[in-house]
Amino acid sequence: MSLGHKRQTREIITKAICGKGRKFSTVTHTVTPPHHPTSILGAWIINHQYEAVAAGNGIEVIGTYDINIWYSYDKNKQTEVAKETVSYVEPISLSYLDPKHRASTVEVSAEATQEPNCVEAGVSPGGGSVTIRVEREFEAELVAETKVRVFVSNDESDPEDKDFDFEAEGFEFEDLDSDALDDEL
């Protein structure tokens, strides 16, 4: 029996992670409270909600959060909390994308690896508004059906026969995408 009859390849259709991406961003928002602020006593982000959607060859995270600013006014004699809801769309490029995935089976997900957080807040130079700098980070995955090629042996009598030239099929270990490998391995 020749090697061609002993070994065969099969293609298996399976659901797999076919794309991954990560994005860290810093954005600046301007909030205009009802009174001219004298100083900022605190700023925080609450009620963060988001969802991921497929967008071309990437993923978009669409979400909202509330900005709360505790500030003093009337020459530091009174305080109040100003609230504003902010909407955003965060495009995430995929660092890896399997070009052979089935587009009709795409499912996307995103996880906030760093929830939106106020890192700086200050009264604007004109004094009528507050400038807030927010940092956020997302990790996104694209899951879809794709084909995986496996080698099959019909000869069960020689299970120790593991000598096979993978490079004969056009595969080289240098073609492996190290970013696609799981960090836990």
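Visitor: Before we start, what does contact mean here?
Guide: Two residues are in contact when they have heavy atoms within 4.5 Å. That applies throughout this predicted model. Among contacts in the chain between residues at least 6 apart in sequence, those joining residues at least 24 apart make up 76%.

Visitor: Thanks! Which elements does the chain have, and in what order do they run from the N terminus?
Guide: The chain holds 1 helix and 7 strands. Starting at the N terminus, the order of the elements is α-β-β-β-β-β-β-β.

Visitor: How do strands β2 and β3 pair, and over how many bridges?
Guide: Let's take the strands one at a time. β2 covers residues 37–55 and β3 covers residues 58–73. Within this pairing, isoleucine 45 is opposite isoleucine 67 of β3, and alanine 52 has valine 61 as its bridge partner. The two strands pair in the antiparallel sense, over 15 bridges.

Visitor: And which residue in the turn between β2 and β3 has a positive phi?
Guide: The two strands form a hairpin, with 2 residues between them. A phi of about 65° belongs to a residue in that turn, glycine 56.

Visitor: Which strands stand at the edges of the open sheet?
Guide: The sheet has 3 strands in the order β2-β3-β4, with antiparallel pairing. An edge strand here has a single partner strand, so one side of it is left without a neighbour in the sheet. Neighbouring strands of this sheet are turned by 15° against each other on average, direction ignored. The strands at the edges are β2 and β4 (78–93).

Visitor: Is isoleucine 46 buried or exposed, or in between?
Guide: Isoleucine 46 belongs to strand β2. Beyond its neighbours within four places in sequence, isoleucine 46 contacts Tyr65, Asp66 and Asn68; its C-alpha atom is separated by 6.1 Å from that of tyrosine 65, 19 residues apart along the chain. Buried would need under 20% relative accessible area and exposed over 50%. Isoleucine 46 has 35% relative accessibility, so the answer is partly exposed.

Visitor: Which residues have the most contacts inside the largest nonpolar core?
Guide: That core has 26 residues. Two or more of its residues come from each of β1 (7–31), β2, β3, β4, β6 (107–123) and β7 (130–153). Isoleucine 69 touches, among others, Val31, Ile40, Val81 and Ile132, not counting residues up to four places away in sequence. The residues with the most contacts inside the core are Tyr65, Ile67, Ile69 and Ile132.

Visitor: Are the rings of tyrosine 71 and tyrosine 73 stacked, edge-to-face or tilted?
Guide: A search of the whole structure finds 4 aromatic pairs. For tyrosine 71 and tyrosine 73, the ring centres are 5.9 Å apart and the planes stand at 45°, so the pair is tilted.

Visitor: What is the relative accessibility of each of these two tyrosines?
Guide: The cut-off for buried is under 20% relative accessible area, and both residues count as buried. Tyrosine 71 has a relative accessible area of 0%, while the value for tyrosine 73 is 11%.

Visitor: One last one: which residue has its charged end over the ring of tyrosine 88?
Guide: Tyr88 belongs to a cluster linked by ring pairs, along with Tyr50, Tyr65 and Phe138. At 4.2 Å from the centre of the tyrosine 88 ring sits the charged end of arginine 136.

Technical notes
Residues numbered from 1 in each chain as written. Predicted model: local features only at pLDDT ≥ 70, side-chain atom pairs only at ≥ 80, totals over all residues. Heavy atoms only, no water. Pairing = 2+ DSSP bridges. Helix = DSSP H or I, 4+ residues; strand = E, 2+ residues; numbered from the N terminus. Axes fitted to C-alpha atoms, helices over the stretch in contact; angles between N-to-C directions. Core = buried A, V, L, I, M, F, W, Y, C linked by side-chain atoms within 4.5 Å. Buried < 20%, exposed > 50% of the residue type's maximum accessible area, 1.4 Å probe, protein only. Phe/Tyr/Trp six-rings, centres within 6.5 Å; stacked < 30°, edge-to-face > 60°. Lys NZ or Arg CZ within 6 Å of the ring centre and 35° of its normal.
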